[in-house]
Amino acid sequence: MLHGVLDPQPGRLAFALFNGREKMFQVYEEMHPRDASMVPQFVAGQLADHGLQLKDVHRWTFGAGPGSFTFLRVVAALGAGWAVGDSQIRFRCIPGALGLAAMLDPAEGEKVGVLYDGRNKELLCFGVEKVDGILRPTGEELILNAAAAQEFFASDRRRLCAFAADEAVLTKLLGDTIRFRTVGPDLSALAQQPGDFDNDADKMCYIRPAVNA
């Protein structure tokens, strides 16, 4: 069964298509929340380039943030519309942070932090932990200014990762002593994440709606 993954990221949208566990393609399109109306055409165009139509893809996973309120909602709402129009289409919303955390390859029981530019001279930290071999949110959704972030991570020495697009801002906030790794998310990890395709478009991880990619 074909399985599509759409992941809204800072400044771009990632799209990967899988046939079972085999990745058929992965592409990126520069895109911001104001460009979100382009998403349907982008998806349809990429599928057409591979001889496919929307009706051929019955399973979808959407990266649910953290990220831009507008960008995340548009992608989830698009999936909801597809599901209304075709009863064979099922989708789910999963934190995109899990794809970034997967690139650190956490050990069993290890907690890591996924960092984001929170705007307003603050950063966001989304906690992820590996439990029974599966990456899961810890429930930590922190909003920290520079002083609070440096104090928190000085004592909590978990490994950290972030998008390259956020590197300059995060480096300024964290100073020279707190290190993090810039990575691109593993969309395979999102596709293989367990969980029901429940057609619930409300499972978003905004942390703060004012965040704009």
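Two strands count as paired if DSSP finds at least two bridges between them. With that rule, this predicted model shows an open sheet of five strands, ordered S3-S2-S1-S4-S5. Its pairing is mixed. S3 and strand S5 (90-94) stand at the edges. Each has a single partner strand, so one side of each is left without a neighbour in the sheet. From one strand to the next, the twist averages 15°.

Start with S1 and S2. They pair in the antiparallel sense, over eight bridges.

Leu13 stands opposite Glu29 in S3. The S2-S3 hairpin also has two residues between its strands. Gly20, in the turn, has a positive phi of about 65°.

How enclosed is S2 by the rest of the structure? Six of its eight residues are buried, so S2 is largely enclosed. Buried here means under 20% relative accessible area.

The parallel part of the sheet comes next. S1 and S4 run parallel and are joined by four bridges. Leu6 stands opposite Phe62 in S4. Helix H1 packs on this sheet and touches S1, S2, S3 and S4. The direction of H1 makes about 35° with that of S2.

Now look at H1 itself, residues 39-49. Which of its residues are buried? They are Val39, Phe42, Val43, Gln46 and Leu47. Seen down the axis of H1, these residues fall within an arc of 125°, so they line one face of the helix. The spacing follows a general rule. An α-helix has 3.6 residues a turn, so residues three or four places apart point the same way. On the other side of H1, Gln41 and Asp49 are exposed.

What does the buried face of H1 pack against? Its buried residues meet strand S1 (2-9), strand S2 (12-19), strand S3 (22-30) and strand S4 (59-63). They also pack against helix H2 (69-85). After H1 comes Gly51, with a positive phi near 70°.

The loop between S4 and H2 holds Pro66. What is the geometry of the peptide bond from Gly65 to Pro66? The bond is cis, and its omega is near 5°.

Move on to the other sheet. Here five strands form an open sheet in the order S8-S7-S6-S9-S10. The pairing is again mixed. Strand S8 (134-145) and strand S10 (181-182) are the edge strands, and each pairs on one side only.

Within this sheet, look at S6 and S9. Strand S6 (residues 111-117) pairs with strand S9 (residues 159-162) in the parallel sense. Four bridges make up the pairing. Gly113 has Leu160 in S9 as its bridge partner.

Helix H5 (residues 167-174) packs on the sheet. H5 touches S6, S7, S9 and S10. Its direction makes about 110° with that of S6. Helix H4 (residues 146-155) lies across S6, strand S7 (122-131), S8 and S9. H4 runs at about 135° to S8.

One loop deserves a stop. It lies between S6 and S7, and it contains Arg119 and Asn120.

Asn120 has 58% relative accessibility. The cut-off for exposed is over 50%, and Asn120 therefore counts as exposed.

Methods:
Residues numbered from 1 in each chain as written. Predicted model: local features only at pLDDT ≥ 70, side-chain atom pairs only at ≥ 80, totals over all residues. Heavy atoms only, no water. Contact = heavy atoms within 4.5 Å. Axes fitted to C-alpha atoms, helices over the stretch in contact; angles between N-to-C directions. Buried < 20%, exposed > 50% of the residue type's maximum accessible area, 1.4 Å probe, protein only. Arc of directions from axis to C-beta.
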